Amino acid sequence: MAGVLGDELDAGRLVGRDSLIAQIAAEAQKGPLPYFRRRVPEVPRRPRLIELHGRAGSGTSAVARKVAEVIGGERGQPVHHLPYTGDGPRSLLLLLAARVGVPPKDLMETVWEQRDISWLSGVCQGALARRPVVVVVDGLPPRSGGLPLLRAVDDALVTTESLVLATSTVDASPHSGRLDVWEVPPLPPHHSADLLGLPEAVAEPLHRACRGLPVLLRAARGLLRDGPWEGPVPGTPEELFLQVRNSLGEDAKAMLSAFAVLDLAELSDAMARALPVPDADGALQELLLRGVLHHPRPGYWRLPSVLAELARRGRPLWRAASLRRLERAVLREVPSAPLEPSVLLAERMLISGGSRGRGHIEPIARALVRRNDLARLLLLAQAIDVALPLAALARQTGHVDLAHHIVDSLAEPAVTRSDAEPAVTRSESAVLARETGQLGRAEWSLFTLEPEGPRGENARLRAAISLDQGRVRGAAELIRSAVEHHQITGDESGEAWAAYEYGRLRLVVGDPRGAEVHLRTARRLFGLGGELRGVAWADTGLAWALLLGGDPSRAVPALQRAVTGHRRAHDPRGEGWALLRYGLALADEGSPDSADHSLNRALDRFEDVDDALGAAWTRHHLALQGSSGEVSMPALWDVAHDFQAIGCTGGLAWTRLEIGRRTAQPSLVAQARGLFVGTENEAGEHWADFTAAVIERDSAARVRALKELSRFHPPALIPQGPTAHIPRAARYTVPERLPDGSGSVEGPRPEDQCRVLLTLLDEVYEGGTARITVGVEPGAAHPWAVVGPEDTPLLSVSATPLGDADLRPEHAVTVWPSSAGADAGEGGGSEFRITPHRAGPLGLRFTVEDRHSGVVLQQVETEVQVLTPALVPSTRGEG
């Protein structure tokens with residue numbers, strides 16, 4: 001049977017449209033690229049803007065999607081689907097900017113001042129030139145109403161290899177000569193019969209009633225699911241739709257009417273299931289099987305406009321007065337993904353209903369800020385003032401001057417009374433002060449905000465400031481308070497950041513294993529919320545835990561990946577901290593030149609975003625490293641001044657201790673000891689005692705200090721010999737005492753062990769397939785590292801999904817140990833393919849066995865984040 005129920009694209013073809021789709025796709029690929037200036041008269045240029053028009057219900061949108069899929073596949077370009085929402089060219093271009101990944105820095109100029117449409121087209125043009133795409137702009141208004149939109153989109157395509165397909169009910173070419181125009185006509189009788197699955201003579205009455213329109217024919221075919229047609233055949237679309245409605249259950253009728261009253265181009269799956277219908281899932285499936293609702297792409301539902309119009313004529317169960325209730329229902333909880341439909345609905349509510357959408361703006365705006373999604377935040381800014389969210393997003397993306405400007409302007413009415421300034425503004429001011437290294441100012445802002453003690457998000461911020469200063473006492477209580485608050489209020493992002501801060505606390509006290517638990521929890525929560533910036537921070541913490549655990553060979557590539565993660569999340573401050581730690585890991589690994597390069601890159605990032613704390617710590621380590629291996633004393637004095645101005649007691653203590661050690665000045669060492677006492681860093685006190693003993697040549701005091709230090713640090717960090725050398729790693733933590741009170745017990749060394757290497761080669765998304773390679777790498781001191789491949793045992797690896805996913809192959813695969821740096825294919829690695837069936841975190845377990853004996857040698861688990869198709873490039877959906 002040629003027709004399909006559900007989505008016209010599910011079967012891979014559209015009934016009666018193959019020839020039209022092939023013609024349009026072929027024409028789009030003819031000739032040189034459209035931006036070539038040299039024109040050959042007999043060779044037409046490739047079009048960059050194609051219009052498809054046809055009567056409502058003719059399936060124009062489905063044809064456009066299919067053409068885009070074909071062309072995108074041939075060109076290797078992602079496809080984006082932009083339903084027209086009724087706004088002007090600026091909204092359409094902002095939506096396009098969001099889809100094609102225009103970075104916030106390119107759009108930030110429009111925050112300072114309102115820029116015209118041509119500027120915004122130019123910004124989109126730059127992104128489309130860097131990464132060409134195929135875009136479907138669906139449902140443009142007819143005639144002159146769509147011309148400004150077409151002109152704006154066309155301007156964005158100049159000098160790019162991108163293509164836009166626009167759909168409309170009326171041919172716009174008489175008003176614009178820059179279009180390649182194709183008509184999507186109704187189906188002829190024989191194709192209608194194919195779609196209905198009936199002989200042509202039997203299908204003829206239904207073909208006439210449906211006017212040959214595929215959307216109505218699908219609904220008619222839904223009626224045929226109940227058996228052969230009985231009774232008179234409807235003569236008009238209205239009569240047909242009445243029978244379709246009467247065939248539905250009560251929940252399906254209510255769902256249909258809700259879709260019609262909301263009158264949105266598309267609803268996300270989360271929004272559709274949130275509608276106040278008793279059995280929402282059952283109603284959606286019934287409407288899908290009846291051919292009424294469509295699945296234009298995974299995760300979205302669509303009621304075609306011709307059916308929506310018929311439903312609104314038929315006295316829907318939800319009347320227009322119920323619109324507000326429906327809007328509240330679908331916006332009650334901001335979904336983790338996709339967020340765009342919620343943004344568009346909230347914007348429409350604000351524009352059409354005044355204050356109707358204001359109560360829903362704050363959580364949506366916060367969600368956009370968490371994702372550094374400036375383009376969609378600017379969509380909201382067209383209808384309501386979102387100055388504070390814009391300040392937060394500017395801060396996160398490194399535009400601190402703009403963030404200061406916005407926060408200061410919001411505080412201006414309250415200059416006479418500090419308590420008159422809104423609490424949220426002062427809280428953002430405290431965050432801004434902390435992230436620019438003004439720790440004292442940040443502390444004071446929080447104290448004036450909540451003199452009786454910080455709560456919730458402010459408690460977490462206070463704990464973060466305390467850790468920045470090198471103080472750990474009281475931080476755990478503050479973080480626990482924040483976790484409780486976030487759990488009570490249902491703030492998953494806040495809970496994730498609190499978990500991250502607790503993981504960071506465990507890193508600061510020298511407990512990398514304990515930190516991993518909390519950092520993985522944070523990473524999972526960040527992933528569920530689509531918060532890539534948080535994921536990058538968690539990854540940085542997890543990589544740093546590897547270094548603190550004594551495994552720099554694994555920490556170096558992990559930190560390199562974390563640097564990339566921050567860059568992709570448009571988080572330059574986070575990139576700076578990842579680069580700083582990457583440089584320290586390289587130094588610990590024994591690569592001083594590479595470490596120096598990374599530290600200088602980190603310093604550039606910190607200076608770009610005015611992070612004085614990160615810059616001071618980077619200068620501290622650069623001064624210790626010095627050029628030609630010599631320590632720069634003037635640089636250390638400058639760093640000490642910086643730490644004092646910032647309010648970082650821990651950094652000041654370590655810097656003064658280094659200066660005192662290198663200048664043999666007991667008074668500076670004593671000052672450093674006093675600072676360690678103030679921050680309750682007991683290990684730091686003993687480092688100061690050790691340094692003083694070496695300077696004064698007091699052997700007994702030196703032995704006592706080393707004995708005390710062995711209660712906090714593993715033997716590898718305890719100095720040997722008569723010098724006062726302080727390992728760089730000693731200042732990474734404010735360590736707790738070791739469990740047995742001494743450092744005599746040393747765990748297994750990484751170089752003596754094998755480790756399982758997992759490499760994810762593709763982004764993982766629901767319904768797609770991603771590759772992951774598995775290899776086994778022996779440590780440098782492992783016996784397998786010094787023999788050839790022919791002398792290493794064969795191993796087998798099996799994979800088990802810990803969630804709703806398929807893994808291929810299902811059987812175990814053979815691998816053999818390979819040395820560090822070997823290619824997975826050359827070094828004996830093997831490949832698995834993952835096909836997840838739902839979005840969210842997905843656990844994977846890999847078991848390594850000896851192939852000959854079957855003995856399990858190692859079992860590892862990892863977690864990947866499965867994205868919805870709306871969040872990743874795809875040739876079948878939006879990017």
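**Helix packing and buried elements in the predicted model**

Helix 23 passes helix 24 in a crossing that is left-handed. In this predicted model, the axes of helix 23, which spans residues 439-449, and helix 24, which spans residues 456-468, come within 10 Å and cross at roughly 150 degrees. Because angles over 145 degrees count as roughly antiparallel, helix 23 and helix 24 are described as roughly antiparallel to each other. On the side of helix 23, the contact involves Leu439, Ala442, Glu443, Leu446 and Leu449, which meet Asn458, Leu461, Arg462, Ile465 and Asp468 in helix 24. By class, six nonpolar, one polar and three charged residues make up this contact of helix 23 with helix 24.

Helix 24 also packs with helix 25, residues 475-489, and the axes of this pair come within 8 Å and cross at roughly 155 degrees. Helix 24 and helix 25 are therefore likewise assigned as roughly antiparallel to each other, and helix 24 passes helix 25 in a left-handed crossing. From helix 24, the contact is made by Gly456, Glu457, Ala459, Arg460, Arg462, Ala463 and Leu467, and from helix 25 by Ala475, Leu478, Ile479, Ser481, Ala482, His485 and His486. The contact of helix 24 with helix 25 has, by class, seven nonpolar, four polar and three charged residues.

The buried residues of helix 7 are Leu147, Leu149, Leu150, Ala152, Val153, Asp154, Ala156 and Leu157. The elements against which these buried residues pack comprise strand 1 (49-53), helix 3 (89-99), helix 6 (117-130), strand 3 (134-140) and strand 4 (163-168). Helix 7 is followed by threonine 159, for which phi is positive, near 60 degrees.

Serine 830 lies in strand 13, which covers residues 830-836. With a relative accessible area of 14%, serine 830 falls under the 20% cut-off and is accordingly buried. When its neighbours within four places in sequence are left aside, serine 830 is in contact with Ile772, Thr773, Val774, Val813, Thr814 and Val815. Tryptophan 816 is 14 residues from serine 830 along the chain, and the C-alpha atoms of the two residues are separated by 9.4 Å.

With regard to cysteines, a disulfide is a covalent bond between the sulfur atoms of two cysteines. With sulfur atoms required to lie within 2.5 Å of each other, the count of disulfides comes to zero. Cysteine 210 counts as buried because its relative accessibility is 0%, and cysteine 648, at 1% relative accessibility, counts as buried as well.

For the chain as a whole, 37 helices and 15 strands are assigned. Of its 879 residues, 54% count as buried. Among the contacts in the chain with a separation of 6 or more, 66% are accounted for by residues 24 or more positions apart.

Terms used
Residues numbered from 1 in each chain as written. Predicted model: local features only at pLDDT ≥ 70, side-chain atom pairs only at ≥ 80, totals over all residues. Heavy atoms only, no water. Axes fitted to C-alpha atoms, helices over the stretch in contact; angles between N-to-C directions. Helix = DSSP H or I, 4+ residues; strand = E, 2+ residues; numbered from the N terminus. Parallel < 35°, antiparallel > 145°, perpendicular 65-115°, else oblique. Left-handed = near helix turned anticlockwise from the far one by under 90°. Contact = heavy atoms within 4.5 Å. Nonpolar A, V, L, I, M, F, W, Y, C, P; charged D, E, K, R; others polar. Buried < 20%, exposed > 50% of the residue type's maximum accessible area, 1.4 Å probe, protein only.
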